Amino acid sequence: MTRNEDSTHMAALLHRQRSAFLQEEPPSLALRKARLARLRAAVLTHREALKDAVSADFGHRSRHETDIMELSCVIQAIDYLSSHLRRFMKRERRHVHLFYRSARAYVEYQPLGVVGVMAPWNYPISLTLVPLATALAAGNRAMLKPSELTPRTSEALRRMLAKAFREEEVAVVLGGPEIGAAFSALPFDHLLFTGSTQVGRKVMRAASDHLVPLTLELGGKSPAIVARGHVNGRTLQSLVYGKLSNAGQTCVAPDYALVHEDDLEAFIAQYAATVQRFYPDGLSSADYTTIASNRHYDRLLGLVEDARRRGARIIEMGDRSVHVSGHERERSLPPTLIVNVADDAPIMQEEIFGPVMPVRTYHQIDEAIAYVNARPRPLALYYFGTEDGDCARLLERTTSGNVGINNTLIHVAQDDLPFGGIGPSGMGAYHGIEGFRAMSHAKGVFVQGRWNLPGLLHAPFGRLADMAVALTLGKAKASPP
């Protein structure tokens, strides 16, 4: 197809979904649960095919990581939504002022219609299907645009969803950046985009032509702050897990660490020891994921070499040349620490998205807070230490998407917490009831009672109107000049 033909095809799909939505009855609780059950069954049926596809797209992707960080997250999200859907859909009673009684006020959460989902390559299953599950729970139809950088996984998702849903319910659109640009310009009722801040700006501009409401899940440099004296096995296990899962290709991975100056050498030693314990076979381990593309691999190498030229201390924990069963495993990048690199180095300006961890030192917690606050607000912030004054001070004086205390990544798996960034790291949130409401319309309804005071206040105004005004305004004291 030509670009115009692709755009026409997508517009026709959107029209069909919206027409089907308007022609049918509003989706009941039973229908929403049935759609979620179909999605759940499809994921479990195609589990092995999805893992095969992701690993082929990456070159090598740990099957355990796909099970734990993708498929389990999808199933947990579906089960959570199904369990809480009756409560989410329930009419919400609101307060009515004394003047307006005996009237009633309430909010109903209505489906929006058709939700568009644009998913990234790093977690191509969960970041496509969790938004889809949320859209279905809210009673919507959905059009999905998975990443062209994971073509086998995108095709596997298309085949899986085509078997489970009619195209008027769920449709998958495949294609490259031009298709993505056209997709983002469609007049959806809501659009959820997960990806880089740079592309997120383009998506927002395209959506603005139709005033499409957005949820933007972006990225940024998420710091991990280690309190003085808390370089220990628990801290390093969590940091290494968060940094090296999916070879660091995770939007909420700890991007850089701020470590107390007295603990730097202990941090380096324990980081290396923890990496060895996690991956005793080194980069040839079946559980160590490769970098997803040559372009991304070359970019990461460039960041490391630039830091080396600037005089940073580079500590690589493994050999880039990896042979498995007699064949070289391409794009394996060893876990790497970069100590005390300059702030103006590209690796301290860009989101890293790889198994490379810059480490900087601080003297007092206020220095760490100032360092974080001098940079764009991150998608996640991690703190390792006791929940004492320093932790409270950090939470009070910094703003980020979510916070993990003595853990990394796990906050994303808490289905009852909203997940989303702020400023350059995102806009809006999903997961939890916040996700359901983001993909619903909160319609306020006011039901007039048999009588209320404003109903008696009409022209010609008289004494009753004066009394009403006196009750609300007459006794109010003027503010001092």
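A residue is called buried here when its relative accessible area is under 20%, exposed when over 50%, and partly exposed in between, with a 1.4 Å probe and protein chains only. The model is predicted, so local features need pLDDT of at least 70 and side-chain atom pairs count only at pLDDT 80 or more, while totals for chains, interfaces and linings use all residues. Residues are numbered from 1 along each chain as its sequence is written, and side-chain values use heavy atoms, with hydrogens and water left out.

Start with strand S3, residues 114–118. Five of its five residues are buried, so S3 is largely enclosed by the rest of the structure. In a regular strand, side chains alternate between the two faces of the sheet. Here Val-114, Gly-116 and Met-118 point one way, Val-115 and Val-117 the other, and all are buried. S3 pairs with strand S4 (residues 141–145) in the parallel sense, over five bridges. Val-117 has Leu-144 of S4 as its bridge partner. Two strands count as paired if DSSP finds at least two bridges between them.

Now the whole protein. It holds 16 helices and 18 strands. These are DSSP runs numbered from the N terminus: helices are H or I with at least four residues, strands E with at least two. Along its principal axes the C-alpha trace spans about 90 × 65 × 40 Å. Of the 481 residues, 51% are buried. Among contacts (heavy atoms within 4.5 Å) with a separation of 6 or more, 73% join residues 24 or more positions apart.

Next comes a seven-stranded sheet. The sheet is open and mixed, in the order S10-S13-S14-S9-S8-S15-S16. Strands S10 (313–316) and S16 (402–405) stand at the edges with a single partner strand each, so one side of each has no neighbour in the sheet. From one strand to the next, the twist averages 20 degrees. Within the sheet, S8 (residues 223–226) and S9 (residues 256–260) pair in the parallel sense over four bridges. Ile-225 stands opposite Leu-258 in S9.

Two helices pack on this sheet. Helix H10 (residues 264–278) touches S8, S9, S10, strand S13 (336–339) and strand S14 (356–362), and its direction makes about 170 degrees with that of S13. Helix H11 (residues 294–309) touches S10, S13 and S14, and its direction makes about 140 degrees with that of S10. Axes are lines fitted to C-alpha atoms, for helices over the stretch in contact, and angles run from 0 to 180 degrees between N-to-C directions.

Turn to Ala-133, found in helix H5. Ala-133 is buried, with a relative accessible area of 0%. Ala-133 touches Leu-36, Leu-39, Ile-78 and Leu-81, not counting residues up to four places away in sequence. The C-alpha atoms of Ala-133 and Asp-79 lie 9.8 Å apart, though 54 residues separate them along the chain.

Last, the second largest pocket. A pocket is an open set of points on a 1 Å grid over the protein atoms alone, where a 1.4 Å probe fits, with protein on both sides within 12 Å along at least five of seven lines; lining residues have an atom within 4 Å of a point. This pocket is lined by 22 residues, and Met-69, Cys-73, Leu-409, Val-412 and Ala-413 lie nearest its centre. Helices H4 (63–89) and H5 (126–137) are the elements that give two or more residues to the lining. H4 gives the largest share, four residues.
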